[in-house]
Every structure is written in structure tokens, then in C-alpha cells.
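Please consult the sequence and the structure shown here while reading.

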Amino acid sequence: MGIERRKATCNLSATSRFARITVLQRPTRPTQDPSRLASRADTMSHMRLGLLLLIPTLLLAQPKPVIAIGGIVHETNTFNPKKTTLADFSTGIGGADGTLRGQDLITNSIKANNTTAGFIHGASQYGLTLYPTLVAGPQTLGTVLDSAFETLAKELIDRLRQAPKLDGILLFLHGTMVTESYPHADAEVVRRVRQAFGPTIPIVVVHDFHANISEEIVKLTTVLLAYKECPHLDARDAGVHAARIMADIVSGKVKPVQALVKPPMLFNILYHNTYAAPLKPITDASKLLEKQPKILAATVAGGYQYADIPAMGPSVVVVTDNDPTLARREAERLGAMLWGIRDQLTLKAPNAAEAVRLAMTNGQWPVALMDAGDNIGGGSAGDSTFLLAELMKQKAEGWVVVISDPSAVQAAIRSGVGSAFDMPVGGKTDNLHGDSQRVKGRVKGIHDGRFVETAVRHGGGRYWDMGVSVVIEVEGSTPDLPNLLLLTPKRIIPFSLNQLISVGIYPERMKILVAKGTIAPRAAYEGVAAKIIEVDSGGVTAVNPARFEYKHIRPNLFGVK
Ligand SMILES: [Zn+2]
């Protein structure tokens, strides 16, 4: 089960590449927002650089096509009672990215390995001039408030309208955003962009692998493609791919047509690992298909089972150069492959107690326990205590658990490094993620919580900020095998081992690592773990669909009960 180890490709060369990237500035004075004000000096220098880059473009006899980039990126867990607000969008996925606008979108993304970075480098590679608008992407939470969606959608359209000239639009949309009014809000974003810019402007959309794709959005887009991999190590590649197709569309080289097939099933997230059977052969088939000259893109998206909407479930989208019959035929072939593995998708995962027992007796360590019920990337609370309780109850040694608990962090900071710690931890966000657990120990360290991930990890994020965080050495620790609890004020997705290393925890020296995720953390944890166990723990991202009451999905989907 080897996830391909990739190194960041643009770290050292970013400066030289940046010089070749053409960015078109908005001609009117941009709306001032706090992030811009905070970096006014940087912004002014980037604006000057942007203008310098623009001048030669305007002097060319045939200026490059101008392509806008933007997106509202939200994976909505409709079972999470906590609604997503506008403020959640400004926090961002990594706690350090938030909503990025205009030139900041370029400067903050250029060294990352995410989809926006792919748009930027793809535009450079394929001769497009970029017009950056905004990309807003919070952590997964509950249904998006209408007010937040309307504010962001209006800003996106306003910024697009302010472009002096647009030949095409590249959008990054997660593919499973649900708002109070729109069960498939990604389609609503594209509908509004289409309405504003007419039926002929090329709109190429990149989705996350976990998109729940609808017929509506396939009709509204010129091309729709999604990440192929889970963990998502190809987020940047997908952006480059989209830019390449856009260049071919605006030059008149291709005329895309696309077909969608949705097998009548729930594809359990437990089997979303595209680097292992049973999904790998189907992912490989989609890659092979893209080698055919008439195939522009072939997407196999796993879907997102925590959104109770009609489009929930896996999807295949095949895009061809003006050959609808081929698109339909190949989409149906890949769809049949998905349907054909349904009998291999039965749930086999230990509960929290069994998982801790298995980890303690494995014989080779560390063992990574994937706390699937508290999958932060999937929209859970980040403060589940089911595994923490079992580790303490079974007197396991040498473990590390990360829990988001702002009040416990504050208490530990107040008492200071070296002081005793004795208070209830976790289980405070809602009543779905276990009871608070009394933890006794001492405050081992206080850290600023910032770290950088330069390697390619799930989603391609680079800059992370947990907030000021504390490490508690829990009673029962020995110098060789400490029991460590990392308490963070924010919910931080465990996509990077630097989350632990940055606070002095060395994962390879531990026996049991708990990661609050299902498949995505593998990209980081496979590098150190002797064994990975996915745990059927409770929570709003539990892997057992029988724990949820669906009301709006299509009837009789395989795998729901
Ligand atoms: Zn995803």
C-alpha cells in the first residue's frame, strides 16, 4: 500500500518561475480588506511587479488570453449541527490561509501544492494571463449560512465583472457545498457566473475527489474535472490540467463535450484510498483513458457520504473533444467498474476499544489509529475522546493524541510550563464525540502553533497555524514512552507530521499515533507508521452509514444500510 512519495516541485524555483507568470491587475482600486491592509507594503510591490509584467503583454501584437481564477471551496457535512459562517471562511483550511483575494491569491499560493498553484503554474506554462479574483476555503463544517454564501458569491461575481477583458474562467469548487437554500451550491455558483458572462464563455471547474457531482453542474460547465487521488496528492496537477484544457479551448483547438454517470451507490470513504485496491484499478483506468487523443479528462470522484443531498455518491465524468458518443461510452464503462466492486466495500473496521488493543499488541510500532468518526477534514469537531478514553483505560504507553480544546489550552497557558495539569479535556463541542475526559499530568510545552509543510501532502497546503498550543505529558508517562496530548485552540487537520514535530513530538519514537481522519492523513503517516488501522469510532464522520438518517439522497442506494 504505497502512496507515491512526492517532493515539492516548486520550492526553490518559485522565484524564477514567478518572473514568467503574467498577472492582469484589476484596473479599479480594489476593495480594501483587513488582509490587504496588513500587507500593504507587500501588496504595493506586487502591484508594481504585476504592472511591469502586464506592459509587455499589452505591447505584444497578439496578447495572451486573459483567464480569471476564483472559487468558493467548501465540503459541507450536513450532519454537523454547527453551521458554516462567513468568519469560518476567513479562517481557512490550515488556519493560515483564509480567504485570498487579488494579488494575495497569487503570492500566497505560488509555493503551495494546491489547485490554485496549479492554475498559476499552468497558466504560465500554457501562455495564459491570469486575472485573480478570490478563493475562499474554510474547514469542513455544517451547512453554509445563506448570508455567507450570498456575500462570497456576490464578491466573486463582482470581481469577475471588474476584469477589463475575460476569455475564460477557471473555478476551483469543492463539489459538495450545501447552503441553507442550495443543496448543490457549487452548481449555483456556476449558474450565476454563467448568467453574468453568457452561454459561450469557457468555464472550466476543478473539484475535489470527494465531490458529489450533479447533472446540473455538468451542463453548466464547459469542462469539469476532479482530483484523481485520495489522499489528494494531485491537487496541483488538477489545476495545471484545467489550465491546459482552457488554453486549448480559447485557441479553438478543442470543443469539449462531457458525460456524467452516477452508479446508484454510496462509496464508503473507508475505501477511498486510490493507491490501493479495490479503487486503484479504476483510478488507473481513468488515467489510461486520458492518454487517448480525443479524451480531454476522465474523472472518477468518490463522492462525500456526509452530505444528505440528491447528488451524494460517486461520479464519473468523461470529457472528449467533440465526441459525445465516446464520452458517454467511456463514462459508462468506468461507472460499471465502480458498480462492479460494490461487494468489496463492506465495512470492516474495529471499534475504539478493539483498535487500541490491536495497536498495543501489534509488535511493531508506531501504529497509527485513524479516528474516522472525528475526521476533521470531513467536518467533525476535532475534540472526540473515544480513543483518548480507551488509551487511558487500557493503560497504553507511548501514545499521542491531538484534541482541539480552547479552554484547556488557556488553562494550561495560565498555569505555565512544568506546572500540574488536571482538568476535563475534549467532548465539549457537541454530544456526538464522547464525554470530556479528566486528564492528569503536567504542562510540558507551550508553542506558537505555526508550521510549514513543504512536501506534497493531502490537498497541497503549505502554511499552517494551529494557534498557540500546549503539550501535556499525561500521567503514566516514562522518559522513553511518554503519553502526550497536544491541545490546540483550532481544529487542525492532521495532514502533516510537522504538526507534531513542530511541538517537539517525534512520531517515530511513539507507539501509538492517533490521527483524526480516515484516508487523507495516510500521505503523512504512511511514512512513519508500521501499521495503519482505520477505526469505526463515533462522530459526525463515522464510517458506518447506518449511524446516519438520510432524508434527501436518491432512493435505494447500495451501501446506505
Ligand atoms: Zn477531499
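Axes are lines fitted to C-alpha atoms, for helices over the stretch in contact, and angles run from 0 to 180 degrees between N-to-C directions. Helices (H or I, at least four residues) and strands (E, at least two) are DSSP runs numbered from the N terminus. This is a predicted model, in which local features need pLDDT of at least 70 and side-chain atom pairs count only at pLDDT 80 or more, while totals for chains, interfaces and linings use all residues. Residues are numbered from 1 along each chain as its sequence is written, and side-chain values use heavy atoms, with hydrogens and water left out.

Q: Is helix 11 roughly parallel or roughly antiparallel to helix 12?
A: The axes of helix 11 (residues 280-289) and helix 12 (residues 324-340) come within 10 Å and cross at roughly 165 degrees. Angles under 35 degrees count as roughly parallel, over 145 as roughly antiparallel, 65 to 115 as roughly perpendicular and the rest as oblique. Helix 11 is therefore, relative to helix 12, roughly antiparallel.

Q: How many nonpolar residues are in the contact of helix 11 with helix 12?
A: Contact means heavy atoms within 4.5 Å; helix 11 contributes Pro281, Ile282, Ala285, Ser286 and Leu289, and helix 12 contributes Glu330, Arg333, Leu334, Met337 and Leu338. Ala, Val, Leu, Ile, Met, Phe, Trp, Tyr, Cys and Pro count as nonpolar, Asp, Glu, Lys and Arg as charged, and the others, Gly among them, as polar. Besides one polar and two charged residues, the nonpolar residues of this contact number seven.

Q: How is helix 13 oriented to helix 14?
A: The axes of helix 13 (residues 352-360) and helix 14 (residues 386-393) come within 9 Å and cross at roughly 50 degrees. Because of this angle, the orientation of helix 13 to helix 14 is oblique.

Q: Which residues of helix 14 make the contact with helix 13?
A: The residues of this contact divide into six nonpolar, no polar and one charged. Helix 13 supplies Ala352, Ala353 and Val356, and these meet, on helix 14, Phe386, Leu387, Glu390 and Leu391.

Q: Which strand gives the most to the lining of the second largest cavity?
A: On a 1 Å grid over the protein atoms alone, a cavity is a set of points where a 1.4 Å probe fits but cannot get out, and lining residues have an atom within 4 Å of a point. The lining of the second largest cavity has 14 residues, of which Ile376, Val402, Ile492, Gln499 and Lys516 lie nearest its centre. Strand 11 (399-404) and strand 18 (512-515) each supply at least two lining residues. With three residues, the strand that gives the most is strand 11.

Q: Which proline is joined to cysteine 230 by a cis peptide bond?
A: The proline concerned is placed in the loop between strand 6 (223-226) and helix 10 (235-250). With omega at about 0 degrees, the cis bond joins cysteine 230 to proline 231.

Q: Where is proline 278 placed?
A: The peptide bond from alanine 277 to proline 278 is cis, with omega near 5 degrees. Proline 278 is found in the loop between strand 7 (256-261) and helix 11.

Q: What is the phi of asparagine 322?
A: Asparagine 322 lies in the loop between strand 9 (315-321) and helix 12. Although asparagine 322 is not a glycine, its phi is positive, at about 55 degrees.

Conventions. On a 1 Å grid over the protein atoms alone, a cavity is a set of points where a 1.4 Å probe fits but cannot get out, and a pocket is an open set with protein on both sides within 12 Å along at least five of seven lines; lining residues have an atom within 4 Å of a point.
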